[in-house]
Each structure stands twice: as structure tokens, then as C-alpha cells.
Amino acid sequence: MQIQSSVVKIMRKRMSQDLFRAYEIILDSTNVGIIFAGQTICVPVVAGTHSLKMSIDWCGSEEINFSIASGEEITFECSGFSIFQVLLIPYYLIFRPNNWILLKRLG
């Protein structure tokens, strides 16, 4: 019996916020790599329950818990603020640092 590997695919939108800076990919409390604007990264994982979050300096995203089956691919997208949220940057830095990066599961 052959075990199929599972994949977590992370896409980062190209937005002006943090455009030239890398986000750290934190999978199960371990830094597994970095991702730059416009990039897509695939991280192999074992089937089971995992957590994912993105980080930059003292800010980051909320942690997302998910389960993945053997051979499955799950896609996440991360991005910064939209143009309409730029005026709220001080609020996010002080009161909501875990919402600095928007992370969501696609599909």
C-alpha cells in the first residue's frame, strides 16, 4: 500500500502592504518557510489535523485549524489590507496584530 502525500498550497496576493517583505509560514507552530508577494508555495504534510498562520515581525494572521486527508491538496490565500483599510493600520498594529495578514481557506 502506497501512502499519498498531502499538500498545503499557500498563495500570496500582490498588494502594496508589505510588498517587498516576506511573510513567515507557520505550520503546526513551526516555521516551514517564507512567501513573498505574488508567490505560491506548496508544503507537503502528513494526513491529519494541522494549524496554519502567517507572521511578520510582531504581527500576523489568525491561526486556522484544518484537517487534511491522504493525497488531498488544500489551498489558502494570504494578503494584506485593501486600499479601503489603509486608514485603519494604526488600529490593527495596536489592537489587532493577529489580523494584520488576512488568511483564508479557498474552496
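Trainee: What order do the four strands of the open sheet have, and what sort of pairing is it?
Mentor: In this predicted model, the open sheet of four strands has the order 4-1-8-9, and its pairing is mixed.

Trainee: Which strands stand at the edges?
Mentor: Strand 4 and strand 9, the latter covering residues 102-106, take the edge positions, and because each has a single partner strand, one side of each is left without a neighbour in the sheet. From one strand to the next, the twist averages 25 degrees.

Trainee: And in what sense do strand 1 and strand 8 pair?
Mentor: Strand 1 and strand 8 pair in the parallel sense, over six bridges. If you want a place to look in the structure, find Val8, which stands opposite Ile74 in strand 8.

Trainee: Switching to strand 5, which strands does it pair with?
Mentor: Strand 5, residues 48-56, pairs in the antiparallel sense with strand 2, residues 23-27, over four bridges, and there Ile25 stands opposite Met54. Strand 5 also pairs with strand 7, residues 64-68, again antiparallel and over five bridges, with Ile68 as the bridge partner of Gly48. Strand 6, residues 59-60, runs antiparallel to strand 5 and is joined to it by two bridges, and in that pairing Ser55 stands opposite Gly60.

Trainee: What about the hairpin of strand 5 and strand 6, how many residues are between the strands?
Mentor: There are two residues between the strands of that hairpin, and Asp57 in it takes a positive phi near 50 degrees.

Trainee: What does its side chain reach?
Mentor: The side chain of His50 makes a polar contact of 2.6 Å with the side chain of Asp28, and it also reaches the backbone oxygen of Val46 at 2.7 Å. Setting aside residues up to four places away in sequence, His50 touches Leu27, Asp28, Val45, Ile64, Asn65, Phe66 and Ile68.

Trainee: Now the nonpolar core, which residues of the largest one touch the most other members?
Mentor: That core has 23 residues, and the ones touching the most other members are Val8, Ile10, Leu52, Met54, Phe66, Phe76 and Cys78. Two or more residues each come from strand 1 (6-12), strand 2, strand 4 (40-45), strand 5, strand 7 and strand 8 (73-79).

Trainee: How buried is Cys78, and what is it in contact with?
Mentor: Cys78 counts as buried, at 0% relative accessibility.

Conventions. Residues numbered from 1 in each chain as written. Predicted model: local features only at pLDDT ≥ 70, side-chain atom pairs only at ≥ 80, totals over all residues. Heavy atoms only, no water. Pairing = 2+ DSSP bridges. Core = buried A, V, L, I, M, F, W, Y, C linked by side-chain atoms within 4.5 Å. Buried < 20%, exposed > 50% of the residue type's maximum accessible area, 1.4 Å probe, protein only. Polar contact = N/O pair within 3.5 Å; in protein donor to acceptor, adjacent residues only side chain to side chain. Contact = heavy atoms within 4.5 Å. Axes fitted to C-alpha atoms, helices over the stretch in contact; angles between N-to-C directions.
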